[in-house]
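User: Hey, I'm new to this one and would like a quick tour. Can we put it on screen and talk it through?

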Amino acid sequence: MTRKLKLNAKPVYQGEQAPLDGTGEVWHQVDVHVPGEIRTIAHLERELPQGGIPAYLAARRTGARSFVLWADEHRGARVATVVTVSCGNGVAVYQVLGPQGELLCTIERAKAFSKGLRTRWTVSRPGEPDLVGYKGRLIWWCTWWLFSPLLPFVWVAAVFSMSDVPRSPGRVIWRARGRALLEFKVMWNELYLHDPELDERAGAALLALVRSFDWQNGWDGWTEKQAQRVSRMSRRSRRS
């Protein structure tokens, strides 16, 4: 049975503090959709180093990521943790660790033109064959670059018409031994687990990583000033 994972944010932040300051409820969550049921697998939050948000954003620009997947929005227990093992020369390696520090999987992201024409995502699990996926199909990338001179005009028209801005090809299908076991659909920002044996915690971590590299700065790229602005807007919304 295929499971669908989706990363969601609360439409209105409920606390009085900025949603990324480590206080109040965790703002993002990963939901699992199966026929007849929707359940939350993890509440997602970036883990800030010493130096806080500025230090995190500085490391983030190099490809580093650090996330915590909580069992509930009040940070009661860890479901999994994402840590950066190495990053440089366009290649970043992450580990997804369980609550006891056990290795769930290793994820490698190789930027386009570092190990191939397209961005490559590799998921390695203990005792299992690697899952390898590439961002976008070559035919759609060729189409994208063919029409790239017109994109600035399309973006301006989209802004004035308040419609969706065109996005580069982003669909990723992970395969192992010829079988498609994972699929990320960029249009809906959803990750599909086609193999029932795939760990949902590893899937949630993979979805968080892929979404963190979104062209709109990702879910984890907010500055403290932006977070505070969201809090002010939500408070005004509640008063009205």
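User: Let's start with Arg3. Is Arg3 buried or exposed?

Analyst: Arg3 is buried, with a relative accessible area of 8%. Buried means under 20% relative accessible area, exposed means over 50%, and partly exposed is in between (1.4 Å probe, protein chains only). Keep in mind that this is a predicted model, where local features need pLDDT of at least 70, side-chain atom pairs count only at pLDDT 80 or more, and totals for chains, interfaces and linings use all residues. Residues are numbered from 1 along each chain as its sequence is written, and side-chain values use heavy atoms, with hydrogens and water left out.

User: Okay, which residue does Arg3 form a salt bridge with?

Analyst: That's Glu200, and the closest N and O atoms are 3.3 Å apart. The pair links distant parts of the chain, 197 residues apart: Arg3 sits in strand β1 and Glu200 in helix α4 (residues 200-212). A salt bridge here is a side-chain nitrogen of Lys or Arg within 4 Å of a carboxyl oxygen of Asp or Glu. Helices (H or I, at least four residues) and strands (E, at least two) are DSSP runs, numbered from the N terminus.

User: And Glu200, buried or exposed?

Analyst: Buried, with a relative accessible area of 11%. Arg3 and Glu200 also belong to a network of salt bridges with Glu37 and Arg39.

User: How many salt bridges are there by this rule?

Analyst: The count comes to 13. Another one is Glu47 with Arg78, where the closest N and O atoms are 2.5 Å apart. That pair also links distant parts of the chain, with Glu47 in the loop between β3 (37-46) and α1 (52-60) and Arg78 in strand β5 (residues 78-88). Glu47 is partly exposed at 28% relative accessible area, and Arg78 is partly exposed at 33%.

User: Back to β1. Which strands does β1 pair with?

Analyst: Strand β1 (residues 3-9) pairs with β12 (residues 190-193) in the antiparallel sense over four bridges. Six bridges join β1 to β2 (residues 28-34), also antiparallel. Two strands pair if DSSP finds at least two bridges between them. On the β12 side, Arg3 has Leu193 as its bridge partner, while Leu5 has Val32 in β2.

User: New topic: what about Arg125?

Analyst: Arg125 is in the loop between β8 and β9 (131-134). Arg125 is buried yet has no salt bridge, and the nearest side chain of opposite charge, Glu128, is 4.2 Å away. For charges, Lys and Arg count as positive and Asp and Glu as negative; His and the chain ends are not counted.

User: What is Arg125 in contact with?

Analyst: Leaving aside neighbours within four places in sequence, Arg125 contacts Leu104, Cys105, Leu131, Leu181 and Leu198. Contact means heavy atoms within 4.5 Å.

User: Last one: what does the whole chain look like?

Analyst: The secondary structure comes to five helices and twelve strands. Buried residues make up 42% of the 240 residues.
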